Amino acid sequence: MFKNYNMNQIVLPLDLELKLQNNDIAFHIHHLVESIPRDALEPFLRNEGCPAYHPRMMLKIILCAYTQSVFSGRKIEALLKDSIRMMWLAQGYEPSYRTINRFRVQSEVKDLIRQCFVQFRCQLVEEKLIDQEAIFIDGTKIEANANKFTFVWKKSIEKYHQGLIKKSNELYNELLEKEIIPEIERESGELLSLEELAQMARKVDDVVTEYDKNIEASSDVAERKALRSERKYPKQVRKQLLDFILRTQKYQRDFEIFDTRNSYSKTDHDATFMRMKDDYMKNGQLKAGYNVQIATEGQYALAYSLFPNPTDTRTLIPFLDEIEENYFKLPKHIVADAGYGSEQNYDDILSKRKREALITYNMYLKEQKKKSKQNEFNPDNWQYDEVADAYTCPNQQRLIFKYPSVRTDKTGFKREFKIYECEDCSGCPFRSSCTKAKEGNNRKLMVNEKWEQQKEYVRAKLSEEKTSAIYRKRKIDVEPVFGFLKANLRFTRFSVRGKSKVENEMGLALMAVNLRKFTAIS
């Protein structure tokens, strides 16, 4: 006996909502997107042309597809035809993959995604899933949608540019000597500008044109042959100058694309070549990618941003600025790993933002070891005389204060040092272990008092029970988000190109991670 099965019987369509489970992720997506204020939808309004699909509907179906690890526009279109939750969210509409792809890369969508994060955080606060006591910050590198062999290196371009400057100056001097062109008024004595090269090319072209007229006007075979011979060099120079102009334009474009970076990809100019952790060949292969920074609490991503530089140190301050401007007010504690520990970052959080920085520095763990504490050649273990402002080395020689020093890094941040020098290092039995200074030179010691105070502050905070407990949460709070993103959601490579488009896709992927986790515990 079988259950009734008849393909010829007419069945009335039912509300698709009835086919979904009570805690289906589609309901959470629906409630989240519907909570976005109506003001955020105004940039999508158009008064001409065919009425567009509603941005709430488009955002819902894209978010739903991302939660199912579907990132392709064509596959999202296919889901609209056979997925019940997608049919319900779209309410029968079936936008094409072109429409889906155009929507998710629009600049206006960035604000919609930001509103999703703001509203999602408000929901977490209402349900008391986060206590707003601290945020945990970390970064990861995600591969760009760019060919790995399309790299352009800044050092190479600088080298070729310098060679071009040298060749163009030599050619200019040669043309002056041969009196082919008159002397031009130069802006700089070091390099010829693009306008000056163009001016040279015009003058050489005039010389070639004059030769052409003379050859055309002459009827003497020998004279015409001599004129052609004389014209040969100016024609070669004209071709060379045109090549110089094209190369100069290319190098100028390259330097504009580089900005402060050292490399870029030809297929995605905003992507920078970085060393990825998923280096299966173990040969230090570089890939075009983006440095993704996120702020989490309760294993939920509350804010994100993308940066072109591979190191995390210089991303913290702009990321905190973006959080305050677009997402939420910073909590009391800012927690991050040693990759963010720098004098500039500590100064910004403690002095400017008036928050507590639970961020270790590079040597923090090493300093905690017994070997480091008992190392008599470590200046941190040397005796310091506050009255005389002097240190005493293992050979009982004094290092006295000599002069102050100020160093400015690439970002313009100034660090102040005090330089100490040993009174006499000659004949010291510990010289080879204590210093690498040449024979006859004394050991010098650079001390950054502000940096030492900041390190003491970090050590004190991490020795307190409450703050050390908050810091210990870092690994179990922010790392699982990256693990879920890459392993469970299988989001390991962007499918769009350009920073603005990549930011939209990153926001959708992180919100998909949040919704998957929120649905699982609801």
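These legends accompany close-up views of a predicted model.

**View 1. The whole chain, by its dimensions and its elements.**
The chain holds 18 helices and 13 strands. Its C-alpha trace spans about 110 × 90 × 45 Å along the principal axes. The radius of gyration is 33 Å, whereas a compact globule of 522 residues would have one near 24 Å. Buried residues account for 44% of the 522 residues. Among contacts with a separation of 6 or more, 65% join residues 24 or more positions apart.

**View 2. Strand 5 and its partner strands.**
Strand 1 (residues 134-143) pairs with strand 5 in the antiparallel sense over eight bridges. Within that pairing, D138 stands opposite I294 of strand 5. Strand 4 (residues 272-275) also runs antiparallel to strand 5, joined by four bridges. Here M274 stands opposite K287. Strand 6 is another antiparallel partner of strand 5, with seven bridges.

**View 3. The hairpin of strands 5 and 6.**
Two residues lie between strand 5 and strand 6 in this hairpin. In the turn, G298 has a positive phi of about 65 degrees. Q293 has S305 of strand 6 as its bridge partner.

**View 4. S305, a buried serine in strand 6.**
S305 sits in strand 6, residues 300-307. Its relative accessibility is 3%, so S305 counts as buried. The side chains of S305 and E322 are joined by a polar contact of 2.8 Å. Beyond residues up to four places away in sequence, S305 touches N291, V292, Q293, F319 and E322.

**View 5. D312, a buried aspartate in a loop.**
D312 lies in the loop between strand 6 and helix 10 (316-326). Its relative accessible area is 17%; because the cut-off for buried is under 20%, D312 counts as buried. A polar contact of 3.2 Å joins its side chain to that of N291. Neighbours within four places aside, D312 is in contact with D138, G139, N291, Q293, G339 and Y340. T140 is 172 residues from D312 in sequence, yet their C-alpha atoms are 9.1 Å apart.

**View 6. The nonpolar cores.**
The largest nonpolar core has 100 residues. I137, I323 and M506 have the most contacts inside this core. Helix 18 (residues 499-521) gives the most to this core, with 10 residues. A second, separate core has 23 residues, among them V152, I180, L197 and F258. Back in the largest core, I323 is one of the residues with the most contacts. Leaving aside neighbours within four places in sequence, I323 is in contact with I135, A295, A303, F328 and L330.

Y391 has L399 of strand 11 as its bridge partner.

Notes. Residues numbered from 1 in each chain as written. Predicted model: local features only at pLDDT ≥ 70, side-chain atom pairs only at ≥ 80, totals over all residues. Heavy atoms only, no water. Buried < 20%, exposed > 50% of the residue type's maximum accessible area, 1.4 Å probe, protein only. Polar contact = N/O pair within 3.5 Å; in protein donor to acceptor, adjacent residues only side chain to side chain. Contact = heavy atoms within 4.5 Å. Core = buried A, V, L, I, M, F, W, Y, C linked by side-chain atoms within 4.5 Å. Pairing = 2+ DSSP bridges. Rg over C-alpha atoms; globule rule 2.2 N^0.38 Å.
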